[in-house]
Amino acid sequence: MKRLAALSLLPLLAACAPTLAQTALETRQVTAPYNPILADGVDYTTDPAPLVVGDKLYILTGRDVAEPGVNDFIMPEWQMLETSDPKSGQWTHYPYFLKPNDVFKWATPGRAYGAQIVQGPDKRFYLYAPVMQQGSANKDGFAIGVAVSDSPTGPWVDAHPSGPVISQSYPVANDIQNIDPTILIDDDQRVYLYWGTFGRLKGVELEKDMVTFKGKPVDVNTLTGFFEAPWIFKRKGTYYMAYAGNKAGPDSECTEAVYYACIAYGSAKSPLGPWTYRGVMLDPVSSTTSHSGIAHYKGEWYIAYHTADGKNGGHFRRAVALDKFTWDDTVSPPAIEKVVQTKAPPPAPTPTRNLAPAARIVASNSPVPVQYWIRALNDGKVREAPLPPDTWGTWSPNNPKQQWVVYQWEQPLKFNGSRLYFWGDQPAGSGIGVAPPNGLASGILVGCR
Ligand code: FUB
């Protein structure tokens, strides 16, 4: 179904009339009885940012198009999902919602990372979008642009056509990667913007124009394990910040393996903090990145997040899910109850002769360094281009001569062979990258206790 947006709705923007590409938005009807919402492996969706407008729930998402085996965020555009009843599973999908260079003339194509749309004090809609700045002289070219529209589905025009509203050199120098913006319009209509990744989180108040810094940005260092993907919201006078955290370790309440993030959250009494860590609201998902957005819609609280659970999904082929969550109002400040991830019932298990998944595994380098995951030794997954937590590894600055792994089963089993996959991207003995050992000896000792 094609829909033509009415240009006459935008008389004030006539001088910067949107391109035709922006005016014809294709829509498709989607029935999604389970998570992920788009699970067929055709359109991968990422970095969800929900928005409530009237009786509609929108979810702005990115799009992953990395081929299997490509470990990179290949993200050409944003998509949109819209429903008036998430329980019905009926969604309108805007597959080709917006491309960075459609609206930001100073942006390069691609790298359409996690963005958010909010309704400003003037009731217009503002899109905060991380994009790559064309010809940037900065060490990191990511920058945040702001576009404006009279409708949550566009058409959009650049609200700051001279360039990004944040980069490493504008309006004040910073040395972070400027992505993952999140915005709060407070009850008094003041506007707050947070952004950041790789453990660095910044926040600032914006002027009513939605693009100009009001005062200096603050650095937030009190949210335990903050990695990226902040999402600010407010409930009953308390400010909350959900974020992807990666404080890792065998005893961490967040994640065992550093690459896999949980969604943790903190709270504050004021919009610019100080922030206090409160706990974990969503355990790690099947994709290494976790990125959430939160919405209060028709009396229920929802968290949108992405996973690798779509057909042929992966860490760079993600799919957006939506679940409800509840609050514990018996404590102060009210706490978020752990989200229960819902998804399609798993298919009937295919018969296998692989006995490894039933084993308990112990390795000589336990606890395994947080970049690896011991589970990789028997999860039955062999990836073409694994990320560290898809593998078990033994590297350490002082490698012992021998390392071992023991598989233990509850009862004696008969088996007729064993197979371990070794992964390396460098020749044996190489001092760089991941190389298989120079000499490899392996053996199986079968014993009974
Ligand atoms: O999708 C690209 C990046 O992955 C986002 O900016 C991060 O939050 C992570 O989800």
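Begin with the sulfur atoms of Cys 254 and Cys 262, whose link is left-handed, with -105 degrees about the S-S bond. Bear in mind from this stop onward that the model is a predicted one. The sulfur atoms of Cys 254 and Cys 262 are placed 2.2 Å apart and form a disulfide, and the structure holds 1 disulfide.

Next, select residues 292-297 and 319-325, which are strands S20 and S22, together with residues 300-307, which make up strand S21. These belong to an open sheet of 3 strands, in which the order is S20-S21-S22 and the pairing is antiparallel. Strands S20 and S22 stand at the edges and have a single partner strand each, so that one side of each is left without a neighbour in the sheet. If you look along the sheet, the twist from one strand to the next averages 25 degrees. Zooming in on S20 and S21, which run antiparallel, you will find them joined by 6 bridges, and here Gly 293 can be picked out opposite Ala 304 in S21.

Now select the ligand and display the residues that surround it, among them Phe 73, Met 75, Tyr 113, Ile 179, Asp 180, Glu 228, Ala 229, Thr 289 and His 306. Three further residues of this surrounding set, Asp 47, His 291 and Arg 318, deserve a distance label. Asp 47 places a polar side-chain atom 2.5 Å from an oxygen atom of the ligand, while for His 291 the distance from a polar side-chain atom to a ligand oxygen atom is 2.6 Å. In the side chain of Arg 318, an N or O atom is 2.8 Å from an oxygen atom of the ligand.

For the last stop, select Pro 155, which you will find in the loop between strand S10 (142-149) and strand S11 (157-158). Although placed in a loop, Pro 155 has a relative accessible area of 5% and is therefore buried, the cut-off being under 20%.

Key: Residues are numbered from 1 along each chain as its sequence is written. This is a predicted model: local features need pLDDT of at least 70, side-chain atom pairs count only at pLDDT 80 or more; totals for chains, interfaces and linings use all residues. Side-chain values use heavy atoms; hydrogens and water are left out. Two strands pair if DSSP finds at least two bridges between them. Helices (H or I, at least four residues) and strands (E, at least two) are DSSP runs, numbered from the N terminus. Axes are lines fitted to C-alpha atoms, for helices over the stretch in contact, and angles run from 0 to 180 degrees between N-to-C directions. A disulfide is a pair of cysteine sulfur atoms within 2.5 Å. A residue is near a molecule or strand if one of its heavy atoms lies within 4 Å of it. A polar contact is a pair of N or O atoms within 3.5 Å; within protein, one must be able to donate a hydrogen and the other to accept it, and residues adjacent in sequence count only if both atoms are side-chain atoms. Buried means under 20% relative accessible area, exposed over 50%, partly exposed in between (1.4 Å probe, protein chains only).
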